[in-house]
Amino acid sequence: MRNVFLRILFCLIFQTFLTGGGASGADVVSGEVAGDGSDIPLTAAGEGNRTTRDDVPSPGDENATHSLENQGDTVYRLETLRVVAERVELGEATVEGQALQSMPSRSGSVTEALKVVPGVQFSNEEPSSLTAGEIRPPRASIAGAKPYENNFLIDGTSVSNSLNPIGLGADGDSFGPSRLDVGGADQTIFYDTSLLDSVTVFTSNVPAKYGSFVGGVVDAELKDPRKDRWHGTLSGQHTRSEWFDLRGVDDESTSSDNQPRFKTYVLQGAVDGPVSENMAVLLSSTRRWSVIPLLFEENDGSEHVKDQFRKNENFFAKMLVTPSRDLELRLDATYAPYVEERWRSGWPDSDWDLENKAWRLAGEAAYLAGWGKLTGKLVYSRNGYGRDSAVNEREQLSGTGVPDDEEYFRGGLGDARVTNQGVDFGLDLEFDEVRSGVLGWEVSTGLDLATVTTEMWNEDAVVRTMTIPTNGNWLRLEAVYPESDQTETLNTIGYYLQTKMRLGRFTLVPGLRLDHDDYSQNMDVAHRLKGEFDVFGDGRLRLVSGVNRYYGGQLRAYAFDRWRPYEMKRESWNNKKKVLTVTYTEDDDISYQAKGLDTPYSDELMGGVLGAAAGFTYGLEFVHRDHRDQIISKLSEDSKDDEDVYELTNDGKSTYDGITFTLSRAFETQRFGTHILAFGATESRTKTFNGAFYSDVNVNDLSNGYEYDYDQVYFDGELIDRNEMPAEDFNAPLVLTASWLGSFWDNRFRVNCVSRWRDSTTGIRPDKRSADETPYGTTASKTTTESAEWIGPEGKYHDAYMEGVISGGLVTDVSLEFDAVKESMFTLSLLLDVFNVFSSDGHVGVSELDGGGYTLPRSQYGRAYYAGVRCEF
């Protein structure tokens, strides 16, 4: 029904275009600006607005004049203040300025800044009370796609991880010696939001300028240095487990999956200002780290406290040069290491660091001419998620015949280094509107070139095991894992052309994007088409529709070997330690391949209305997405007796339907300050295969003699296609967001309140039943044994799942800032962030619908506090 509505809406808009459209109307939505020049957007956070900085006074501002008089004979050159109310668009949301800088955030990350956008889904696991000491960015899903199917950008250049984005922390405190890859995040570099000017997310009607995504695009813009005078900032924040209402934690925990104690710190310092009339610089350093004490068990059974660490740092420098009024040059350099220091309890010398030592050097030139704007970008990057281990040998002595006081476990599995070195070049050309009679043309075009070379090196490792099997003889096993060294290069090219045509009240935006890479050798041609009709010609009511295709980027995971077999030496000793037998064997290999892959894509049909009325801006949007050719790994027909071969396939597909409503208003009062209120709601439904590029599905599996049919499953007793299942995560059917950004007492007291309510959602868990409770029985040997492997009518077995529930709830986070000291050149602010103000008890796992006989899932943390101080001068 929604698809029919969208098609009708698009046809009505196109028919209006054919019949002439009507009179021309205004193209900007009016907004109100606080008279004190404070950094408050014209519309609510998430509405694509632009703001001015609070250090640049408004022309004619009495406070600004008084400030200059207090500075004696010193004269500062103030930047010209330009206030623009940018056009609000469906499918585009921007968080910037004070709304971004003061947002309560535990990770200070780009993705967490998106929690004010209802159309962005977060993992149900993120707010778990058991892992409140983590500082990694949350993962986000857009339009029902996988988190790694989004494209993350910094200043328009991609920082998406195309090698191993399985998620940080996926391996926990242990990993296997045969695996060559190291799990990483969805982004190759983490920028703290203190360095950002804005974060924009595109969820629908994405311009042709952007490619390499199936879900959405997240583009963060870095701050420019200010040119009016020198500014400095020093700030710090702190929290600890005693300031958290932690639920279900184990005070005797030895695992980082259960963190009863932690301390988190944030330190940030920055200076920026003019070096000369045409040059300004910005220098910044940010460090966010967490100390997580856990119990470590020694081989003798004793326990003591040992710390794990998490650390995320940003060292940043930027230079802005304006040789003339029509030319801007930007140079920036970033070193952003992220480290997780981990160990395995009970295993001395098992310490290792999961690390990403990310570098980024970027240059940009923007030239403004009478005909438009030309922008060129060149970026060099170096990054890679790797492992730095204390040792590369692991030993253990255990077995039923070994006395407890003689057992020991120690050692590690060696280093795994991944180095990505990339160069990106972009050229964008935007022409000003050209009028031809009643028709206006606005053309933009651009080219993207990128090359990345990845070196993956794994240190050799040895695992020695001594044990006593049931025959009483000693058994000594020595598995040797050889050193591995691999190098691959990926080159990509993208080109786009987009035209905006205006005829009266009607606007048509057709676009085309072409992408090619030398890994898949695919040439992907994506169309973009957006239509808009301004009903009254003044922005009060605009009808919008779009028909678009988006192609994803290529995952390079299977361009590398991901598994190394071991060579085993097996010695059998008698009880006098005399060698009885010695044998040598080789482990079966597992290979990975990707050949003949199509590029995953998403077809979109959308429609909606937006506008402004009675001081409010509003929007209502309907979106339907068909994700096709999504990647999943399956056992290949090329497998042999001594070698399993897994290959990437295009067997995944999903559908997404969503309705989003937004409402916002900015206003100023004489006695109670300036305020911005925003509300958003997204109702959505996703059907998906719930697989991934790292699923490694053994489609040739046999269970008690029954063949495996992976492509169909039993869900709540019915046999359906796997891609018709509900999503197992990122799946709240209804998300409500509300934000309030307020300032009081001449902006000395500021409040940033963000509320997010997620509805209880359908969870998925195995449906274990006895044979007589299923249509055709199960694979279990006994009919009374419960099993989640059900036999189908064709005689093959299928995975069986049942509906559970993940309880939702309202989470309100509040940031409070009070300027305890406020002088013309110095401000001392007290900071307090309160998370989950009302101590909501939403769940992060699945339980039965009736709750009987099933362990309740983990809960999110309760009320939590962060305290801090900031000095500005």
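**Entry 1: a run of strands**

I began with Gln-237 and found that its bridge partner in β9 is Val-266. The model is predicted, so I noted that local features need pLDDT of at least 70 and side-chain atom pairs count only at pLDDT 80 or more, while totals for chains, interfaces and linings use all residues. Residues are numbered from 1 along each chain as its sequence is written, and side-chain values use heavy atoms, with hydrogens and water left out.

I wrote down two terms before going on. Helices (H or I, at least four residues) and strands (E, at least two) are DSSP runs, numbered from the N terminus. Two strands pair if DSSP finds at least two bridges between them.

Strand β8 (residues 231–240) pairs with strand β9 (residues 263–276) over 10 bridges, in the antiparallel sense. I then followed β9 to strand β10 (residues 279–297): these two run antiparallel and are joined by 13 bridges. Pro-274 stands opposite Ala-280 in β10. Two residues lie between β9 and β10, which form a hairpin.

From β10 I went on to strand β11 (residues 303–324), where I found 19 antiparallel bridges. Ser-290 has Arg-310 in β11 as its bridge partner. This hairpin of β10 and β11 has five residues between the strands, and Gly-301 in the turn has a positive phi of about 95°.

β11 in turn pairs with strand β12 (residues 327–342) over 12 bridges, again in the antiparallel sense. Ala-317 has Ala-333 in β12 as its bridge partner. β11 and β12 form a hairpin with two residues between them.

**Entry 2: an open sheet**

I looked up a sheet of five strands, which is open and has the order β1-β6-β7-β4-β5 with mixed pairing. Which strands stand at its edges? They are β1 (92–96) and β5 (157–158); each has a single partner strand, so one side of each is left without a neighbour in the sheet. Inside the order, strand β4 (residues 151–154) and strand β7 (residues 217–222) run parallel and are joined by four bridges. Phe-152 stands opposite Val-218 in β7.

**Entry 3: salt bridges**

I counted 51 salt bridges, taking each as a side-chain nitrogen of Lys or Arg within 4 Å of a carboxyl oxygen of Asp or Glu. In one of them Arg-288 joins Asp-192, with the closest N and O atoms 3.0 Å apart. Arg-288 lies in strand β10 and Asp-192 in the loop between β5 and β6 (196–202), so the pair ties together parts that are 96 residues apart in sequence. Are these two residues buried or exposed? Arg-288 and Asp-192 are both buried; the word means under 20% relative accessible area, with exposed over 50% and partly exposed in between (1.4 Å probe, protein chains only).

I also looked up Asp-819 and Lys-822, whose side chains meet in a salt bridge at 3.9 Å, N to O. Asp-819 is buried at 3% relative accessible area, whereas Lys-822 is partly exposed at 36%.

**Entry 4: one leucine**

I picked Leu-508, which lies in strand β24 (residues 506–517). Leu-508 is buried, with a relative accessible area of 9%. Contact here means heavy atoms within 4.5 Å.

**Entry 5: cysteines and the whole chain**

I looked for disulfides (a pair of cysteine sulfur atoms within 2.5 Å). The count is zero. Cys-753 is buried at 15% relative accessible area, and Cys-871 is partly exposed at 23%.

Last, I took the totals. The chain has three helices and 47 strands. Of its 873 residues, 55% are buried. Among contacts between residues at least 6 apart in sequence, 70% join residues at least 24 apart. The chain exposes about 37,300 Å², of which carbon and sulfur atoms supply 52%. The accessible areas come from the Shrake-Rupley method with a 1.4 Å probe; for residues, only the protein chains shown count as cover.
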